[in-house]
Structures are given as structure tokens and as C-alpha cells.
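Here's a quick tour for anyone meeting this structure for the first time. Have a look at the sequence and the model, then read on.

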Amino acid sequence: MSRLTSAPSGTPAPAPARTSGIDWRAVFAFPNPVNEYAARVTAGLVVLLSAVTLLPGFGWGLAAIAAGFWLRVLFGPRISPLALLSVKVLTPRLGKTRLVPGPPKRFAQGIGAAMSTTAAVLLAVGLAPAAWTLLAVLIVAAALEAFAGFCLGCVIFGFLQRRGLIPEDVCEACNNISLRRA
């Protein structure tokens, strides 16, 4: 009997252990749950960076804002400078934790990525007023999260989930009130 067929008759041989390759789920993982306070601090940093971009009209700032959102959407807080500052330095100093579902926060980051990328493209093609208006809307949404704890993207996520456009299994805690923490 060969090494691959050494299992008892009728029983398939065990699959060889995976020893190489990239675990893409781990690469693109987003935390679930998320510390709401870390999300709020990150949103506050987005407000600050966006205001520093909008007030003097620094176009390069739009690219930095968009890149930060894309890093957070794709990789969670592991690579984004603003998220790392928030999660590793600022939020621990608050000493507060309130865990909330991660998928709505990732969805909100995706909306921020789309808005900031669109603003950067608008600015690049010469439509500065539209770009700055879109950035101002982003500032309002981020400020609501940072200062009032109101996540507009999370509300949109919930609306879409209730309409069946986001499957229930994407966020069980979002649609099962008994799984939510106070």
C-alpha cells in the first residue's frame, strides 16, 4: 500500500496539511466586534484631517483621506495610520470599551472610501466645488460618529439589511436584538 492510500479500505486518505500559501481571509479581515470608542476616535481624526484639507484647499489631503478609508475597509485597523493611532494609542488612554458589530462599521468605512475617492477624482478633473462639497458632507458624517456616536453608514447598513439587500448572515447581531450588548 502506498503512503497516500494507507487508510482503511473505503476510507479516503487524509488530505495533506496546508503548509504554504496565503490565507486571504486573514489578510482582508475586519474585526468583529469593534470597540465603538476606537471607531469614534478614528472618525474624529478623519474630521481633523478633512478640515485641514478643506479649509486651505489642499488637494493632496483628499488622496490621503481616500487611501486611509481604503486601508481600513480592506485591512481593518492593522495598516491605516489613523486607525493605528486610534486603536493603539488614543483609545487605550480613554480606558473605555463598548463592543458593537463590525460589519456595519466596515460598510461605513466603505461609504467613506467611495465619497473621498469620488471627491479626489472630482478635484483631479477640475470640479473643485463639487469635490469640496462632497468632502464637507463626509466631515458632517464623520463628526456625527465622532461627537454624537451616530454612525450614518451603520444606519444605512441596517436599512439595507432590513430590505434584504444585505443578507442577514452578514451580521447576525445586527438583526437579532438579543445578541446586542448594552
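Which residues of the largest nonpolar core touch the most other members? Keep in mind that this is a predicted model. The core has 16 residues, and the ones touching the most other members are V46, L62, I65, F69, A131, L135 and L138. In soluble globular proteins, nonpolar side chains tend to be buried together.

So where does this core come from?

The largest share belongs to α6, which brings six residues to the core. Leaving aside residues up to four places away in sequence, L135 touches S50, T53, L54, L62 and I65.

**How α3 and α5 pack**

Two packed helices are described by the angle between their axes and the distance between the axes. For α3 and α5, the axes come within 8 Å and cross at roughly 155°. Angles over 145 degrees count as roughly antiparallel, so α3 is roughly antiparallel to α5. The crossing itself is left-handed.

Which residues meet there? On the α3 side you'll find G59, L62, I65, A66, F69, W70, R72, V73 and L74, and they meet R106, Q109, G110, G112, A113, S116, T117, A119, A120 and L123 of α5. Sorted by class, this contact has 11 nonpolar, six polar and two charged residues. L62, I65 and F69 turn up in this contact, and they're also among the core residues that touch the most other members.

**The whole chain**

Stepping back, the protein chain has eight helices and two strands. Reading from the N terminus, the order goes α-β-α-α-α-β-α-α-α-α. Of the chain's 182 residues, 33% are buried. Now take the contacts between residues at least 6 apart in sequence: 74% of them join residues at least 24 apart.

**One stop at R25**

Is R25 buried or exposed? This residue sits in helix α1, which covers residues 24–27. Exposed means over 50% relative accessible area, and R25 counts as exposed because its relative accessibility is 75%. R25 and F75 are 50 residues apart along the chain, and their C-alpha atoms are separated by 10.0 Å.

Key
Residues numbered from 1 in each chain as written. Predicted model: local features only at pLDDT ≥ 70, side-chain atom pairs only at ≥ 80, totals over all residues. Heavy atoms only, no water. Core = buried A, V, L, I, M, F, W, Y, C linked by side-chain atoms within 4.5 Å. Buried < 20%, exposed > 50% of the residue type's maximum accessible area, 1.4 Å probe, protein only. Helix = DSSP H or I, 4+ residues; strand = E, 2+ residues; numbered from the N terminus. Contact = heavy atoms within 4.5 Å. Axes fitted to C-alpha atoms, helices over the stretch in contact; angles between N-to-C directions. Parallel < 35°, antiparallel > 145°, perpendicular 65-115°, else oblique. Left-handed = near helix turned anticlockwise from the far one by under 90°. Nonpolar A, V, L, I, M, F, W, Y, C, P; charged D, E, K, R; others polar.
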